[in-house]
Amino acid sequence: MNTYYAANLLIYAGVDIIAVLALNLQFGVSGIVNFSFIVFQAAGAYAAAVLSMPPHTAAEYSFQVYVGGYQLPFPIPWIGGALAGALLAIPVGLVVLRKLRSDYQAIALLVTSIIANTVINNARPFLNGAAGLALIPQPLQDQVDTYGDSYLYLYIGLTAVCVGLVWFLAARIVNSPYGRTLRAMREHELAATALGKNPVALKMTMFIVGGAIAGLSGAILVGFLTVWAPSTWLYPETIILFAALIVGGRGNNLGAILGALLVPVGFEEVTRLLIRMNIGPPNLIPALEWVAIGLFILGFLWFRPEGVRPEPRRVFEGSPDVEVVDRVRTA
Amino acid sequence: MLVAEDVHRHFEGMHAVDGVSLEVPRGQITGLIGPNGAGKSTFMAVVAGTLPASSGTILFEGEDITRLPTYRRARRGLVRTFQLPSEFARLTVLENLLVAAPQNRGDSLFGALMGKRFWIKDEERLVTEARGLLKRFGMSAKESDYAGLMSGGQKRLIEIMRALMLHPRCLLLDEPMSGVHPRVIEQIQHYLQSLRADGLTILMVEHELHLVEQLCDSVFVMAQGKLIGSGTMASLRRQREIVDAYLVG
Amino acid sequence: MSIFAAAFGFGLVSMSVIAIAAVGFTMQFGITNMINLAYGQVMISSAYVAYYINRAGITIWVGMIAGAFFGAAFSFLLNRLVYAPFQRKGTSYLGMVIVSLAVSLMIANLLLPIVGYFSVSYSEHAGSLVRLGDIVLTNNQIAIIALSVAVMLGIHALLRYTRLGKAMRATAANPTLARNCGIPTQRVIDMVWLITGALCGLAGVVAALNSDSFVISSGAGFLITALAAAVLGGAGQPYGAMIGAVIIGLVTELSAAAWSPEYKEVVAFGILVLVMVLRPQGLLAKRGALAAAG
């Protein structure tokens, strides 16, 4: 196992952890079934790409066409990626979350994901269509040498900082009274509304926050891969993230991390290992990997629907012996 | 306090509520009775904003709230409970109450991100308040259990306590006693009476007429979407057409 | 103007294909409350069944019948072996969507090693050309249109005039009430899976026949057009799905003629978004055949 391989693994793990934490805020805590999650990651990746690339008229880049091309230095592309995810969440959320019934929302978001992919795939002048973007600059490539191992360590460090930041924010949200309100909405939206909670505002907020985090994960990924195309964000990618969350434990940040390590990272590595060991024809293994992921989801939903690390039951300190307080605001 | 003027609610050509006008007096417990399918629950839903009114006006404390969404009505102090159990199943009993409390600094994205120190005072105050209610309803021992695991009667209590956490001015109770143990019914009854003594206004739908008679200061009767009578329970019992409407359904 | 006439002709064919798929999908949802995202994979599996029959030298029209039978059996088993047990276990609505997605992934990837990665097509003469003014269609295309019209009329008759259709509508409106009224809801639901499964299989073969060639991944595309038409018409509403199919079929082909074929999905998506904004419950929200009052 060489350094590049290990670095690759760690960076993928970081990106997946960030993504699953965001999905946990949306689906695990708030109950929003965002089947277009991967689109927000893609938005972040594309945004980071066009923010860091030179205009497509530049000599080395003339084989592709795309909008923008601003050559902005790190960390602006990453911030821009997060911003793009958040901005995209606003129109999508306004259309989907405001009026549609929740089961309908899931379908609408799935359709959105597939059609967004088709649109980008076909509309070449926008983001170079099916061929995708290539030669995307890496963070700090003008300042440091990107070929050595030390750059890999640097990239791992940057990813880890982002993981830490997202984990910190997610933990604060989940463990706060606000997180409790989100969980209440997930459990019974109508009742939460009758208690003065505005479900559309709550969902929109989580859609935007989750979109921003997804966008950040895309920016990190694209800075490492230096290429990005519609084939990297097909809708089954969203399903893997859902699988990770279901396996890890919905509503539990630690579960989300565990799931991210088990499903996307674990499966991908087992697949890679099997391919390297030349077991079976090369195309068969990835196909069977998907079958296994499907079985994994079904198995967990059947035997342990709450996941490896279920949402914790919150017990408050202190004895119940307290005075009766006057409850009514007399008019 | 709460006034409905010519409220209509139509579903696909069916007139579930067909021109109801009534006034719920302040500081009293008002009953809403009628046969099944009379439109009582629909009327309550329209008043609370869960369903939009097809036409008509609803005034609360003199202000037109007809166009306000449910959550805004709740924030103004007009709080409803549901006919079917509507607990937050995977929240503990105590958490169910805490969710309802307004004015918690941690109950916003900003507050949450500011961290525990920013909101812990509010939280502690509300936990004390919620525990007081739990004690009063004899549910202190259950505070850390999931609400979804409670019995039907306990879920009713949770729902009433939850509504009270909002410090409502007017409570809309949709069959608060159904499925509740007789001993608990007595508790709820006493509690509702003490709330009235504190000045709370209550409008409740109830099937058990003897409960209505004991609790309610005045009663409205609905049948087939219309208001067909009002007065005290005793006076209503003497009116032939009301008794007929009930019996005929 | 003849380019538009030609596009109109293609539109007629595509709406016929979409209608069969969309009606089957929307009925599954409307009656069994199951958003079956494996629908596209059942379609493509059926298309392959017809392909192997066709490759053995038998006409595709026989393959089509086989595809319909296969789709019916496959859907029925899928419900009995996977969906129904999960539903009985009390898996939430959205949990069921995830179950069906998992199933969809599994079907696609189990099929891949079996049928291969290369695109295939049916060997069937397109038949002679038929001209109706500026519209030029092949015999096969006319057969597809006729078949679709017949299927739609059949569904209409089933829902309106048969006991089974009435039982289906009752089950869709309120399963508990239907059961209490003596309707054998379990049998009704079995029948629904068989019928909609047959529609799904048929739609798969027809869609494959109408496209130049197909691969496993075409299944996702089939699902999306069916979904789009169903959502457009109001999910769970068979007549809504028919209208949705007409709109999507026509608009995609006409916009392809007017603008560029690359953007036809974009146009379809635009319509869908517009409907979601203006009429969130779909075009025929409460007045279709499966509505409570029906």
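Student: Why are helix 1 and helix 10 of chain A called roughly perpendicular to each other?

Tutor: In this predicted model, the axes of helix 1 (residues 3-29) and helix 10 (residues 235-248) of chain A come within 9 Å and cross at roughly 75°. Axes are lines fitted to C-alpha atoms, for helices over the stretch in contact, with angles running from 0 to 180 degrees between N-to-C directions. Angles of 65 to 115 degrees count as roughly perpendicular, under 35 as roughly parallel, over 145 as roughly antiparallel and the rest as oblique, and helix 1 and helix 10 of chain A are therefore roughly perpendicular. The helices themselves are DSSP runs (H or I, at least four residues; strands are E, at least two), numbered from the N terminus.

Student: Which residues make the contact between helix 1 and helix 10 of chain A?

Tutor: Contact means heavy atoms within 4.5 Å, and helix 1 of chain A contributes, among them, A:Asp16, A:Leu23 and A:Phe27, while helix 10 of chain A contributes A:Leu241, A:Phe242, A:Ala244 and A:Leu245. By class, this contact of helix 1 with helix 10 of chain A has 8 nonpolar, 2 polar and 1 charged residues. Here Ala, Val, Leu, Ile, Met, Phe, Trp, Tyr, Cys and Pro count as nonpolar, Asp, Glu, Lys and Arg as charged, and the others, Gly among them, as polar.

Student: What makes B:Asp107 and A:Lys197 a salt bridge?

Tutor: A salt bridge is a side-chain nitrogen of Lys or Arg within 4 Å of a carboxyl oxygen of Asp or Glu. The closest N and O atoms of B:Asp107 and A:Lys197 are 2.9 Å apart, so the pair forms a salt bridge. Across the interface of chain B and chain A the rule finds 4 salt bridges, and over all chains the structure holds 18. One pair within chain B is B:Asp18 with B:Lys226, whose closest N and O atoms are 2.6 Å apart; this pair links strand 2 (residues 14-24) with strand 10 (residues 226-231) of chain B, 208 residues apart.

Student: How is the interface of chain A with chain C described, and what area is buried there?

Tutor: Buried area is the accessible area (1.4 Å probe) that two parts lose on being put together, summed over both. Between chain A and chain C about 3900 Å² is buried, of which carbon and sulfur atoms give 81%, and the contact takes 39 residues from chain A and 41 residues from chain C. On the side of chain A that touches chain C, the residues divide into 30 nonpolar, 6 polar and 3 charged.

Student: What area do chain B and chain A bury between them?

Tutor: Chain B and chain A bury about 4600 Å² between them, 62% of it on carbon and sulfur atoms, and 59 residues of chain B are in contact with 46 residues of chain A.

Student: What is the peptide bond from A:Phe74 to A:Pro75, cis or trans?

Tutor: The bond from A:Phe74 to A:Pro75 is cis, with omega near 5°, and A:Pro75 lies in the loop between helix 2 (37-52) and helix 3 of chain A.

Tutor: Residues are numbered from 1 along each chain as its sequence is written, and chains are lettered from A and ligands numbered from 1 in the order in which they are written. Local features need pLDDT of at least 70, side-chain atom pairs count only at pLDDT 80 or more, and totals for chains, interfaces and linings use all residues, while side-chain values use heavy atoms, with hydrogens and water left out.
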